[in-house]
Amino acid sequence: MAKGEYLGEFEHIVLLALLRLGKQAYGMRIRQEIEQRTGRSVAIGAVYATLERITTKGYVSTWLADPTPERGGRAKRFYKVEAEGVAALERSQKALNRMRQGIRIARSTA
Amino acid sequence: MNRTPPRFAALLLKLVVPDEEQESIPGDLAEEFATAKRSNLWYWRQVMSSIGYLAWKSFARNGFAVFAGAAVMLIALVLTGTGVRTLLPRIPHTQSLEFAFTVAVLGFGVLSAAVAGYVTARFVGRAHLPTLLFLGVFLVAISSYWLHSGVGTTAPMWYRGALILLVLPCALFGGRLQTRQVKSA
């Protein structure tokens, strides 16, 4: 399997955030979802950089919705995970599970 | 929308965001700033931590404009450099004449920046800050080194300082001039 077919850590996280948000997946909500669930501070630029990369790979599709007043009349860009994206997630999960088999991960206190 | 983001940070973001994300990224930040009652510092942090990627993306999308702008600046520099190398040894080396000559070279430099800004805006469709910033650094670096290297003198500090300060505003002015012409046509 080519190297590019595996997901990077942040790509993995973004795809899972898109699946969690479903029809509400747009930039602001994706950023907040990742921040709330991972506890790490995320820049909007980092989210969009990853979204662009996984869109180019064909894992997600995107479209612009109508402008809304709470955004100063600007439109939201929504994202949806495609079948290729789900397959990529499954591949990565399986690879991680296989790597994890037979080892016990525990934080050493020694 | 009740709260508006810090004006200068919002302007900076608008200048570096690629055309296709002009709605989504500023809109996302404006919405979160207003609805989640984020601080000005939060907004600034978001802009500053995203600016590198956004500027690079914008810059990469406008390769032809960068090429055209750089070509204009290079032609201007070759013309100026040839003039300096030919004329400077012939004129008497009085302080006032050298000063006038350096001012003239500086004027030509900022004029070429304005023309480069005009040319890039012609291709990009707006005064595009990342592209102009690149061209500005290109002009200042080459001009400061090459322009004076062949005549045995180095550019005075005030010339370099003035060039650094004036290049970007002049390039932006050239870009605005072009877009204003397009709008009024």
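Of the 185 residues of chain B, 46% count as buried, where buried means under 20% relative accessible area, exposed over 50%, and partly exposed anything in between (1.4 Å probe, protein chains only). The model is a predicted one, so local features need pLDDT of at least 70 and side-chain atom pairs count only at pLDDT 80 or more, while totals for chains, interfaces and linings use all residues. Residues are numbered from 1 along each chain as its sequence is written, chains are lettered from A and ligands numbered from 1 in the order in which they are written, and side-chain values use heavy atoms, with hydrogens and water left out.

Chain B is built from 7 helices and 0 strands; helices (H or I, at least four residues) and strands (E, at least two) are DSSP runs, numbered from the N terminus. Read from that end, the elements go α-α-α-α-α-α-α. Among the contacts in chain B with a separation of 6 or more, 80% involve residues 24 or more positions apart, a contact being heavy atoms within 4.5 Å. Chain B exposes about 9700 Å², and carbon and sulfur atoms supply 69% of that; accessible areas come from the Shrake-Rupley method with a 1.4 Å probe, and for residues only the protein chains shown count as cover. One residue to look up in this chain is Lys37(B), in the loop between α2 and α3 of chain B. Lys37(B) has a positive phi of about 50° although it is not a glycine. As background, most residues other than glycine have a negative phi. Lys37(B) counts as exposed because its relative accessibility is 64%.

For contacts in chain A between residues at least 6 apart in sequence, 52% join residues at least 24 apart. The accessible surface of chain A is about 6700 Å², with 52% belonging to carbon and sulfur atoms.

The two strands of chain A go together. β1 (residues 60–68) and β2 of chain A pair in the antiparallel sense over 7 bridges; two strands pair if DSSP finds at least two bridges between them. They form a hairpin with 5 residues between them, and Gly72(A) in the turn has a positive phi of about 70°. Leu64(A) stands opposite Arg77(A) in β2(A). Because 6 of the 8 residues of β2(A) are buried, this strand is largely enclosed by the rest of the structure.

Turning to the helices of chain A, His12(A) sits in α1 and counts as buried because its relative accessibility is 12%. Apart from neighbours within four places in sequence, His12(A) touches Leu7(A), Leu89(A), Ser92(A), Gln93(A) and Leu96(A). Helix α2 (residues 27–38) of chain A has 12 residues and reaches 16 Å from its first C-alpha to its last, close to the 16 Å expected at 1.5 Å a residue; the expected span is 1.5 Å times one less than the number of residues. Its buried residues include Ile30(A), Arg31(A) and Ile34(A). The cover over the buried residues of α2(A) draws on both chains, including α3 (44–56) and β2 (74–81) of chain A and α2 (24–35) and α3 (40–61) of chain B. Just after α2(A), Gly39(A) takes a positive phi of about 75°.

Between the chains, the contact takes 22 residues from chain A and 24 residues from chain B. About 1900 Å² is buried between chain A and chain B, with carbon and sulfur atoms giving 49%; buried area is the accessible area (1.4 Å probe) that two parts lose on being put together, summed over both. On the chain A side, Ile44(A), Tyr48(A) and Arg74(A) lose the most area to chain B, together 26% of what that side buries. The count between chain A and chain B is 5 salt bridges, each a side-chain nitrogen of Lys or Arg within 4 Å of a carboxyl oxygen of Asp or Glu. In one salt bridge, the side chains of Arg38(B) and Glu35(A) meet at 3.9 Å, N to O.
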